[in-house]
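We will go from one selection to the next.

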Amino acid sequence: MARQECVEIADSIFWVGSDLSDGLQCNPYLILDDGEDVLLDPGSVLDFEAVYNNIVSITNLEKIKYVVLSHQDPDLCSSMPLFERRGLKAKIVTHWRSSVLQKYYGIKSEFYHVNENGYQLVLNSGRTFKFIHTPYLHFPGSIVTYDQENKVLFSSDLFEIGRAHV
């Protein structure tokens with residue numbers, strides 16, 4: 001798979017994904033915030049090398065403190081154990097209903113359940129992420145993430161449109 005370049009979509013927010021040949025696009029995002037970086041939906045095991053290389057071209061894994069997993073599907077989060085094996089030590093930010101299934105991938109990191117934390121995460125800088133529960137739009141534990149600082153909504157794969165196959 002050819003490596004794709006990272007794209008800065010807003011100040012300190014990067015798309016670090018890839019486009020697989022089977023028509024699925026991996027859409028992880030990396031938010032840099034003064035050494036308390038946040039990774040959103042890191043992708044599948046099939047995307048791991050491309051996403052990993054994109055991430056380490058921007059930051060060190062040690063700076064990533066949180067990984068948001070919007071839901072349990074393998075195209076969004078099955079790569080987490082591979083990141084952990086490469087040294088990622090971060091809290092997994094997700095809804096408890098999704099974490100029940102995410103654990104089956106072998107994720108060892110500590111979970112931060114948004115439903116037990118007021119559906120928000122506040123970084124040391126004061127940057128606040130709001131999480132919106134979208135139980136009927138994909139899975140009972142699905143969430144989307146809103147970055148209040150940059151006014152960006154990370155919709156997971158909620159509005160994903162696949163390529164047409166001829």
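Select Asp147 and Arg127 to begin: their side chains meet in a salt bridge, with N to O at 2.7 Å. (A salt bridge here is a side-chain nitrogen of Lys or Arg within 4 Å of a carboxyl oxygen of Asp or Glu.) Asp147 sits in strand 12 (residues 143–147) and Arg127 in the loop between strand 10 and strand 11, so the contact ties together parts that are 20 residues apart in sequence. Helices (H or I, at least four residues) and strands (E, at least two) are DSSP runs, numbered from the N terminus.

A note on the source: this is a predicted model, where local features need pLDDT of at least 70 and side-chain atom pairs count only at pLDDT 80 or more, while totals for chains, interfaces and linings use all residues. Residues are numbered from 1 along each chain as its sequence is written, and side-chain values use heavy atoms, leaving out hydrogens and water.

Asp147 is buried, at 0% relative accessible area. Arg127 is buried too, at 3%. (Buried means under 20% relative accessible area, exposed over 50%, partly exposed in between, with a 1.4 Å probe and protein chains only.)

Salt bridges with shared partners join Asp33, Arg127 and Asp147 into one network. Asp33 bridges to Arg127, with the closest N and O atoms 3.0 Å apart. This pair links distant parts of the chain, 94 residues apart: Asp33 is in the loop between strand 5 and strand 6 (37–40). Asp33 is buried, like Arg127.

In total, the structure holds 4 salt bridges. For another, select Arg86 and Glu49: the closest N and O atoms are 2.6 Å apart. Arg86 lies in the loop between helix 3 (80–85) and strand 8 (91–94), and Glu49 in helix 1 (residues 48–56), so the bridge ties together parts 37 residues apart in sequence. Arg86 is partly exposed at 39%, and Glu49 is partly exposed at 41%.

Arg86 lies over the face of Tyr52, 4.5 Å from the ring centre. (This needs NZ of Lys or CZ of Arg within 6 Å of the ring centre and within 35 degrees of the ring normal.)

(Rings of Phe, Tyr and Trp, its six-membered ring, pair if their centres lie within 6.5 Å; planes under 30 degrees apart count as stacked, over 60 as edge-to-face and the rest as tilted.)

The structure holds 5 aromatic pairs. Finish on Tyr29 and Phe154: the ring centres are 5.3 Å apart and the planes at 55°, so this pair is tilted.
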